[in-house]
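These are my notebook entries on one structure. I set down what I looked up, entry by entry.

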Amino acid sequence: MQSAGKTKVTYHEDLKQALADSFLRETLDKIAVNYRTTRERVFSVINEKEIVAGNAAAKDYAMDHYDELFEQFKREATKRGAIVHYAATGAEANAIIANIAKEHNVKLVSKTKTLTSKEILLNPVLEAQGCEVVEGDLGEWILQLRDEGPCHLVLPAMHLSRHQVAQTFSDVTNFKQEGDIAKLVMVARRVLRLKFVAADMGITGANFIVAETGTVGICTNEGNARLVTTLPRVQVSLGGLDKMVSTMRQALNAQYVLARNGTGQPITSYVTMMSGAMEHSQSPNKKKIYHIVILDNGRKALAKDPLCREALRCIRCGACANICPVYRMVGGHAMGHVYMGAIGLILTYFYHGKDKARNIIQNCINCEACKAVCAGSVNLPAVIAEIRARLNEEDGSPIESSLLAKVLSNRKLFHTLLRFGKWAQKPMTVGTPYIRHLPEIFLKGQGFRALPAIADKPFRDMWDKLKTTTNPNAKVKVGIFAGCAQDFIYPEHLTAAVKMLTAKGYAVDFPMGQTCCGLPVQMMGERKAAEDVAKANLNAFDAPGYDYILCLCASCASHLAHSYPRVLRNYPELAAKVQQFTQKIKDFSSFMRDVAKLSPADFNKSSEGVCYHAPCHLCRGMGVTEQPRALIDMAANYKQGNEEDVCCGFGGSYSIKFPEIASQVLDKKLTNLEATGASTLVTDCPGCVIQLRGGEEKRGKKLKVEHISELLVRQLK
């Protein structure tokens, strides 16, 4: 069952239990690996951006016109013999459907897969008035027999092995069943078809609801859904208001991408369009008794929410789970309530309340993989961050989050503490670049990696000497944004960059007033601190005075370039300044490849094998993929690894809050990279260096881990 609503302690226990499920881990691994390849193949023949933009536009229009579209749908569906109901709440929807069953003396109900019915807990309501309810989807039926919730939006029972299913079927049939999949399907067919034939009422969900024609459409891969829609004399379609679109063309556009994004199919096996009451020989007027229930249950309120409304663009394809490194580790029971995956973290808050969402909303690593594949162009990580902020404002911040916010909001205090930390860490570093003896009480569960020590001298203290080597009269002036980690932990990354910029004749500057980019406090839901930090950095950088603001941290670069307008949206007087600042942001690899125009002639190419980890916020946040690989190949022998663009498991504070997951994500990443046979691993982000280098230290230093700037400057002619 889902973990929502449990305590923090029991939630972590559930995560550990999921991680220990070897069958679940193996299944999720196969799906994650195969999905990427399959999805790439089916999308290669269509214009993905155009279709996704069309879906987003159609859903956005519908949100602004829910009332009039509902009235149009009701008129058209009524013309065709349907009876249309509007339910403001889940309780109203349940009452409507229960009354329909009672009015028509329904004893047996067959259903297709409909998460909306789970959202409102429909089955228990019908059962309470004496109805037998049978799930017609094979996976959902198996879960019903086991009294479990789904693990995935599209593949609800994928967490179960054939042997577990065989045992369940043995219990139901009172006959020993073997784990032969074909035979198990035959068992289900024999049992379910008797139910389909005898059912008095069929209940379906809705993949789309078309106002133009009064049509309800469902997309399925099993013929069982057709039996539910054709055989019973009474039929009910239950769909959320968010499934409403204006035209059939818009519905087909959504259908076109639904299967591709969900399962890698060009189209589902069955696409069923229901426009009004269908023929039925057993009914008095030879027509089905057809009711359509359109559910609000918070959707109208969400549509009016300017920061979170885009969640209503979701078409329930399940791609955000397929691609998520956290879901890959623990599955949907530990990463959702009724809805799972990234969209589930969001919808749980709006449809089921903050008590259900409080723990699971923290379980996002912010890798942006879900955002990259979303069929509705939903900025899922940003909406998740907004919900975290609201939870803090509604219930108060956790003490560690509140303390971090206070520290980061005050640059001088923050930097003073870091400088003090340099001395305080001495007993725990024992002369090494790692903190080796930190008491477990401070960082519980961090034994999977060696944590870096604070540098003896921060980059800002080196700047007076370094700046004398740059060309103040150069035509192009570059301001360096350091971020926390490279200023105080890895200043060597920045000194390498300054050497390269100087060698190429650029004027370089380092504004002393700069501080943390603010991403850590944004992801922890500390809205005010995120605003304060952003304003401090705007003031530190005179954006018009620079041609570029160079950032060697992928996470910082993405946050500065893309999140600052959202973070500072409540300060319209800063809009122009924000725009000037964000437009100047450039990541290191893009600058060196596209601006500095580095070529193979600039390097003494090494024969050393070098593999690469693509930071999440570089390859997805900034859309930079080719440049770092090209640079590596100029300077050394590039060794391509499997799943280079999959998260390393760092996620800033995520790896501290969820070490049981972060450690497993890291282990998979390092195993893939070590398999390349390279001796060196480079990346573009200091957070990734912390994670990867710390992990390699624990694994025996099979790979030397460094920032790409260090590799390039070492091989520069």
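**Entry 1: helices α23 and α25**

I noted that α23 and α25 are roughly parallel to each other (an angle under 35 degrees; over 145 counts as roughly antiparallel, 65 to 115 as roughly perpendicular and the rest as oblique). The model is predicted: local features need pLDDT of at least 70, side-chain atom pairs count only at pLDDT 80 or more, and totals for chains, interfaces and linings use all residues. Residues are numbered from 1 along each chain as its sequence is written, and side-chain values use heavy atoms, with hydrogens and water left out.

Helices (H or I, at least four residues) and strands (E, at least two) are DSSP runs, numbered from the N terminus. I found that the axes of α23 (residues 459-466) and α25 (residues 491-503) come within 10 Å and cross at roughly 25°. Axes are lines fitted to C-alpha atoms, for helices over the stretch in contact, and angles run from 0 to 180 degrees between N-to-C directions.

I then listed the contact (heavy atoms within 4.5 Å): F459, M462, W463 and L466 of α23 meet P491, L494, T495 and V498 of α25. By class, I recorded 7 nonpolar residues, 1 polar and no charged. Ala, Val, Leu, Ile, Met, Phe, Trp, Tyr, Cys and Pro count as nonpolar, Asp, Glu, Lys and Arg as charged, and the others, Gly among them, as polar.

**Entry 2: helices α1 and α34**

I looked next at α1 (residues 8-19) and α34 (residues 659-674), whose axes come within 9 Å and cross at roughly 30°. They are therefore roughly parallel to each other. H12, L15, K16 and L19 in α1 meet E660, I661 and Q664 in α34. I counted 3 nonpolar, 2 polar and 2 charged residues in this contact.

**Entry 3: helix α32**

I checked burial (under 20% relative accessible area is buried, over 50% exposed, partly exposed in between, with a 1.4 Å probe and protein chains only). In α32 (residues 626-635), 8 of the 10 residues are buried, so this helix is largely enclosed by the rest of the structure. Among them are R629, L631 and M634. Their packing partners include α30 (588-595), β17 (609-612) and α36 (708-715).

**Entry 4: an open sheet**

I traced 4 strands in the order β8-β5-β6-β9, with mixed pairing; two strands pair if DSSP finds at least two bridges between them. β8 (244-245) and β9 (270-275) stand at the edges, each with a single partner strand, so one side of each is left without a neighbour in the sheet. β5 (residues 208-210) and β6 (residues 215-220) run antiparallel, joined by 3 bridges. V210 stands opposite T215 in β6.
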